[in-house]
Amino acid sequence: MEKQEINKFSKTPLIQALKEYEKKDSLRFHMPGHKGRCPRGVFCDIKENLFGWDVTEIPGLDDFAQPEGPIKEAQEKLSALYGADTSYFLVNGATSGIISMMAGALSEKDKILIPRTSHKSVLSGLILTGASAAYIMPERCEELGVYAQVEPCAITNKLIENPDIKAILVTNPVYQGFCPDIARIAEIAKERGTTLLADEAQGPHFGFSKKVPQSAGKFADAWVQSPHKMLTSLTQSAWLHIKGNRIDKERLEDFLHIVTTSSPSYILMASLDGTRELIEENGNAYIEKAVELAQKARYEINNSTVFYAPGQEILGKYGISSQDPLHLMVNVSCAGYTGYDIEKALREDFSIYAEYADLCNVYFLITFSNTLEDIKGLLAVLSHFKPLKNKVKPCVWIKDLPKVALEPKKAFKLPAKSVPLKDSAGSVSKRPLVPYPPGAPLVMPGEIIEKEHIEMINEILNSGGYCQGVTSEKFIQVVTDF
C-alpha cells in the first residue's frame with residue numbers, strides 16, 4: 001500500500017490528497033459503489049443539504065439507539081425490501097454488524113465454524129464475545145492463485161468433529177465474487193440445529209436480478225451487507241438483517257450500542273434510506289445494467305487481451321456454487337505479470353483505480369454507477385499489455401491451519417514485544433497478520449507463527465503487496481509472559 005507524496009507544508013494534508021486524487025479524473029473500479037457520481041433523486045437533496053442535514057438526535061429526528069420515529073420507519077421499509085424481520089442501519093461499517101450478529105448468536109466460550117479466509121472483523125467478534133473458532137479451510141484454486149469457497153461436505157465433517165458448534169458463518173461472496181452453496185449449507189445448519197450467519201458485505205445487490213446470485217437472506221438467520229460497496233450509500237454505512245428466532249435480539253442490540261458511536265451520522269443514515277428507495281424502485285434495471293457492463297468487460301478481456309477473467313466456467317469447482325459477475329477478477333499471472341505490477345501501472349500511468357490486487361490477480365468492482373465509457377477505457381489499456389515469458393507462480397500455499405497457543409481474547413489482553421519478522425518463527429502472534437486487502441488474516445492473535453507464514457508474507461511484501469500487522473521495517477508484535 002503505497003504512500004502518496006503530499007506537500008509537507010500543506011495546512012490540510014488530507015484535503016490536499018483528496019484534491020490531488022479528484023484532479024486526476026480517474027476511472028474508478030473501487031468502492032464506494034457510487035463511483036464519485038451523485039445518483040439522481042434524493043441524493044441530490046443530500047448533496048445540496050450536506051451541512052444543513054448534519055445534525056444530532058434532536059426532537060423530531062428520533063433516537064438511533066432506540067428508534068421510535070423516522071429512523072424506525074426507514075428501517076422497517078428496509079426489512080420489507082430484504083425479507084427480514086428486523087433490520088438495522090449501521091454507521092460504523094459492516095464490521096459493527098458482524099460483531100453484533102455474532103454476539104446475537106454466541107455467548108462466552110461458544111464455538112462458531114468460520115472459513116479461514118473470513119474478513120478480519122470476525123476476529124473482533126471473537127475477542128468481544130469470548131467465543132472460540134473452529135476454522136475450516138476453503139478450497140484452493142492453484143491456477144488463479146487464490147482460495148475459493150468452502151464445500152458443504154467439509155462443513156458437515158467439521159460439525160461431526162465438533163458437535164458443540166453453535167453457529168456457522170459464511171462469506172457470500174468472497175472478494176473474487178465466488179459464492180458457496182448457501183442453500184445446502186442452510187440445510188445442514190437446520191438439520192443440526194445450528195445458527196447460520198452470513199457476511200454478505202459484498203452482496204447487497206444480490207436477489208434483485210436473476211443474473212446475480214441469491215441473497216443470503218433467503219437462508220440465513222442473520223446477514224450483514226455493505227450498500228456502500230456495490231450500491232450508492234456513503235462509505236462507512238451498512239445494514240444488518242435478522243429473521244426467525246435463533247438470534248438473541250436484545251443481546252445483539254446491546255453489542256450494537258457498544259460498537260457504535262453515540263453521535264450517529266444523519267448523512268450516512270440518509271444515504272442508506274436513499275439507497276433503499278433507489279433499489280426498491282429500480283433495483284432490477286440498475287443491477288442488470290451493471291451486469292451488462294461487467295459481462296462486456298469479461299468477454300473482451302478474454303478475447304482481446306492476454307489476461308483471463310473467470311466466468312461461469314468456474315462454477316461447480318473449488319466449492320464455488322455461483323459467481324457475482326460484478327466482481328471482475330482478472331488473472332494476470334497467466335501472462336507473466338503480478339497483480340501488483342498491473343494495478344500500479346493502471347493507477348500511475350492511466351489513472352485507472354482497481355479495487356485491489358494480489359500476487360496473481362487484479363480486482364475491479366463494477367456497479368450501475370459505472371458507464372460504458374469506463375469499461376471501454378479499461379479495455380483499451382488492458383489490450384496494450386503483451387505477454388511475458390514466464391507465468392507467475394502463486395504464493396507458497398498454506399495447507400494447514402496454524403497451531404493455536406491462546407484464544408484471541410486472551411492474546412489480545414497479554415503484553416507483547418516487537419521482533420523482526422524473520423526471527424519470529426515459533427512465537428505467538430499478538431496481532432493479526434493480514435494481507436490487505438482483502439483483509440483475511442494469515443495468522444490470528446494467539447496462533448504460532450511458522451516458517452511458511454514468514455515466507456508467504458515476505459513473498460507478498462517483496463512483490464509489492466501490503467500486510468497489516470507488519471511494519472515498514474518488517475517488525476511484528478508477539479505475545480510475552482503466557
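Two strands are taken to pair if DSSP finds at least two bridges between them. On that basis, this predicted model holds an open sheet of 7 strands in the order S2-S11-S10-S9-S7-S3-S4, with mixed pairing, and an open sheet of 3 strands in the order S13-S16-S15, with antiparallel pairing. Helices (H or I, at least four residues) and strands (E, at least two) are DSSP runs, numbered from the N terminus.

Residues are numbered from 1 along each chain as its sequence is written, and side-chain values use heavy atoms, with hydrogens and water left out. Because the model is predicted, local features need pLDDT of at least 70 and side-chain atom pairs count only at pLDDT 80 or more, while totals for chains, interfaces and linings use all residues.

- The edge strands are S2 (86-90) and S4 (132-136), each of which pairs on one side only.
- Neighbouring strands of this sheet are turned by 20° against each other on average, direction ignored; axes are lines fitted to C-alpha atoms, for helices over the stretch in contact, and angles run from 0 to 180 degrees between N-to-C directions.
- Within the sheet, S9 (residues 195-199) and S10 (residues 222-225) pair in the parallel sense over 3 bridges, and Ala198 stands opposite Trp223 in S10.
- Helix H9 (residues 249-259) packs on the sheet and touches S2 and S11 (238-242), its direction making about 5° with that of S2; contact means heavy atoms within 4.5 Å.

- S13 (residues 327-331) and S16 (residues 361-365) run antiparallel and are joined by 5 bridges, with Tyr363 in S16 as the bridge partner of Met329.
- S15 and S16 pair in the antiparallel sense over 2 bridges, and Ala357 stands opposite Val362 in S16.
- S13 is largely enclosed by the rest of the structure, because 5 of its 5 residues are buried; buried means under 20% relative accessible area, exposed over 50%, and partly exposed in between (1.4 Å probe, protein chains only).
- In a regular strand the side chains alternate between the two faces of the sheet.
- In S13, His327, Met329 and Asn331 point one way, Leu328 and Val330 point the other way, and all are buried.
- Helix H11 (residues 339-350) lies across S15 and S16 and runs at about 50° to S16.

**Helix pairs**

- Two packed helices are described by the angle between their axes and the distance between the axes.
- The axes of H10 (residues 266-304) and H12 (residues 372-382) come within 10 Å and cross at roughly 15°.
- That angle makes H10 roughly parallel to H12; angles under 35 degrees count as roughly parallel, over 145 as roughly antiparallel, 65 to 115 as roughly perpendicular and the rest as oblique.
- The crossing of H10 and H12 is right-handed; a crossing is right-handed if the near helix is turned clockwise from the far one by less than a right angle, and left-handed if anticlockwise.
- Leu293, Lys296, Ala297, Glu300 and Ile301 in H10 meet Leu372, Ile375, Leu379 and Leu382 in H12.
- By class, this contact of H10 with H12 has 7 nonpolar, no polar and 2 charged residues; Ala, Val, Leu, Ile, Met, Phe, Trp, Tyr, Cys and Pro count as nonpolar, Asp, Glu, Lys and Arg as charged, and the others, Gly among them, as polar.
- The axes of H4 (residues 93-105) and H5 (residues 121-129) come within 8 Å and cross at roughly 45°, and the two helices are therefore oblique to each other.
- The crossing of H4 and H5 is right-handed.
- The contact of H4 with H5 has 7 nonpolar, 5 polar and no charged residues.

**Backbone features in loops**

- Most residues other than glycine have a negative phi, and most peptide bonds are trans.
- The peptide bond from Met31 to Pro32 is cis, with omega near 5°, and Pro32 is found in the loop between S1 (27-29) and H2 (42-48).
- Asn172 and Pro173 are also joined by a cis peptide bond, with omega about 5°; Pro173 is in the loop between S7 (165-171) and S8 (178-179).
- Asp25, in the loop between H1 (13-23) and S1, has a positive phi of about 50° although it is not a glycine, and counts as exposed at 68% relative accessibility.
- Lys35, in the loop between S1 and H2, has a positive phi of about 60° and is buried, with a relative accessible area of 5%.
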